[in-house]
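Subject: Structure handover

Hello,

Here is the structure I promised to pass on. Please open it first, then read my notes below.

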Amino acid sequence: MDVIRLLGIRETSLSVDEVLAAVEDHAAGGTTLFVGTVREQDHGKPVTGLSYSAHPSALDSLRQVAEKVAADFPVTALAAVHRVGDLKLGDIAVIVAVACPHRGEAFEASRRLIDDLKSQVPIWKHQIFADGSAEWVGACQ
């Protein structure tokens, strides 16, 4: 059975319950879950909303990141989903979860998964500020 249980880039709302269920595994002694949400400020400036865009290759890149994490850690189950489209304050933008035999491994693998997703998967954030300014923040920098 593949330890990569769920990967996705979606225009619809993300579900913590779906991701957590995907990584449920009796071989795991530790499961970590990270949920990234749209925050109300960035760089000390109020944020009114944002939009995520993904390159057509983003899902393939996400799979490569997941496979590397699974190869480097004793992962028993892994899941990662990222949202695209317009999001409001408080909306869930990304969820990753990793199950491993021990908690330390699960924490380390989960940290690598979210960090590598953000740095290697071609997903870009267009952030709108209350003062009318905006910025693009992208992966693969």
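Where does T76 lie? T76 sits in the loop between α2 and β5. Helices (H or I, at least four residues) and strands (E, at least two) are DSSP runs, numbered from the N terminus.

Some ground rules before the rest. This is a predicted model, in which local features need pLDDT of at least 70 and side-chain atom pairs count only at pLDDT 80 or more, while totals for chains, interfaces and linings use all residues. Residues are numbered from 1 along each chain as its sequence is written, and side-chain values use heavy atoms, with hydrogens and water left out.

Back to T76. T76 counts as buried because its relative accessibility is 15%. Buried means under 20% relative accessible area, exposed over 50%, and partly exposed in between (1.4 Å probe, protein chains only). T76 touches V3, R5, D25, A27, A28, A99, C100 and P101, leaving aside residues up to four places away in sequence. Contact here means heavy atoms within 4.5 Å.

The four-stranded sheet

An open sheet of 4 strands runs in the order β1-β5-β7-β2, and its pairing is mixed. Two strands pair if DSSP finds at least two bridges between them. At the edges are β1 (4-10) and β2 (30-37), each pairing on one side only. On average, neighbouring strands of this sheet are turned by 5 degrees against each other, direction ignored. Axes are lines fitted to C-alpha atoms, for helices over the stretch in contact, and angles run from 0 to 180 degrees between N-to-C directions.

Within the sheet, β5 (residues 77-83) and β7 (residues 92-100) run antiparallel and are joined by 6 bridges. H82 has V94 in β7 as its bridge partner.

Two helices go with this sheet. Helix α2 (residues 58-72) packs on the sheet and touches β1 and β5. The direction of α2 makes about 150 degrees with that of β1. Helix α3 (residues 103-120) lies across β2, β5 and β7. Against β7, α3 runs at about 145 degrees.

R111 belongs to α3. R111 is exposed, because its relative accessible area is 55%. The C-alpha atoms of R111 and L33 are separated by 9.9 Å, with the two residues 78 apart along the chain.

Strands β4, β8 and β9

β4 and β8 run antiparallel, joined by 7 bridges. G49 stands opposite I128 in β8. β8 and β9 also run antiparallel, with 5 bridges between them. Q127 has E135 in β9 as its bridge partner, and W124 stands opposite G138 in β9. A hairpin is formed by β8 and β9, with 4 residues between them. In its turn, G132 has a positive phi of about 95 degrees.

In a regular strand the side chains alternate between the two faces of the sheet. The covered face of β8 has I123, K125, Q127 and F129. Its uncovered face has W124, H126 and I128.

L50 is in strand β4. L50 counts as buried because its relative accessibility is 7%. Leaving aside residues up to four places away in sequence, L50 touches V38, G85, D86, L87, K125, H126 and Q127.

H43 lies in the loop between β3 (41-42) and β4. H43 counts as exposed because its relative accessibility is 59%. Phi of H43 is near 55 degrees, a positive value in a residue other than glycine.

The largest pocket

How much space lies in the largest pocket? About 310 Å³. A pocket is an open set of points on a 1 Å grid over the protein atoms alone, where a 1.4 Å probe fits, with protein on both sides within 12 Å along at least five of seven lines; lining residues have an atom within 4 Å of a point. The volume is the space filled by probe spheres set on the points.

The largest pocket is lined by 23 residues, and the closest to its centre are R39, Y52, K118, K125 and V137. The elements giving two or more residues to this lining are β2, β4 (45-54), β7, α3, β8 (123-129) and β9 (134-138). β8 gives the largest share, 4 residues.

Best wishes
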